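Biologist: Please take one part of this model and go through its packing closely, giving the cut-offs behind each term as you use it.

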Amino acid sequence: MGVSGSGKSTIASMLAHRLDWPFEDADWFHPPANVEKMQSGVPLTDEDRWPWLRAIAAWIDETRAAGQHGVLACSALKRSYRDILVGGRSDVRIVYLTGGRELIARRMAARSGHFMPPGLLDSQFETLEEPGPDENPIVVSIDARPREIVDVIVRELGGNPDSDAVAHTAESSARPPRPGRDQG
């Protein structure tokens, strides 16, 4: 999670590749009306976001029901949004990519082809509710290189950043192993 331009898609796809888990980008779940609104420079309202968040939560539930893990890049700026995505799912972890407005603005200005214009960055920071300790977030500064950020995340998940395997957190190790995913 994090504001637009914090590197969510890059880091999440690298993490998914490292862990050999499926990757989804929350941007892919937006209905066309939301994308059009953002491309026009109009911030989304909570009413715009609720169906989008429910679609993402459905993907999370489908992935879990199939006995799989997954990595999702999603802004999840408000606690109420994360409550929909995480809710009572104790095995879902939040990774918060945090960085200064100036660094993120430079990154947004340098990218092309993204529907989120740099002009909406201020609204992203205004909306942002940083995750609290009760959400058990993994908080990582985006000042490091992407590989180093992924290393930190893997380590925080209980794994060795130099290997492709991740040991399970104490919370997830309490459940029985799932064949083909949790073993080896």
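**Around I153**

Modeller: Leaving aside neighbours within four places in sequence, I153 is in contact (heavy atoms within 4.5 Å) with I11, L15, V95, I138 and V140. This is a predicted model, in which local features need pLDDT of at least 70 and side-chain atom pairs count only at pLDDT 80 or more, while totals for chains, interfaces and linings use all residues. Residues are numbered from 1 along each chain as its sequence is written, and side-chain values use heavy atoms, with hydrogens and water left out.

I153 and I56 have the most contacts inside the largest nonpolar core, which has 38 residues; such a core is a set of buried (under 20% relative accessible area, 1.4 Å probe, protein chains only) Ala, Val, Leu, Ile, Met, Phe, Trp, Tyr and Cys residues joined through side-chain atoms within 4.5 Å. Among the elements that each supply at least two residues of this core are helix 1 (8-19), strand 3 (95-98), strand 4 (138-141) and helix 7 (146-156), where helices (H or I, at least four residues) and strands (E, at least two) are DSSP runs numbered from the N terminus.

Where helix 1 meets helix 7, the residues involved include I11, M14 and L15 on the one side and I149, V150 and I153 on the other. The two axes, lines fitted to C-alpha atoms over the stretch in contact, with angles from 0 to 180 degrees between N-to-C directions, lie 10 Å apart at an angle of about 60°.

Technical notes. Buried < 20%, exposed > 50% of the residue type's maximum accessible area, 1.4 Å probe, protein only.
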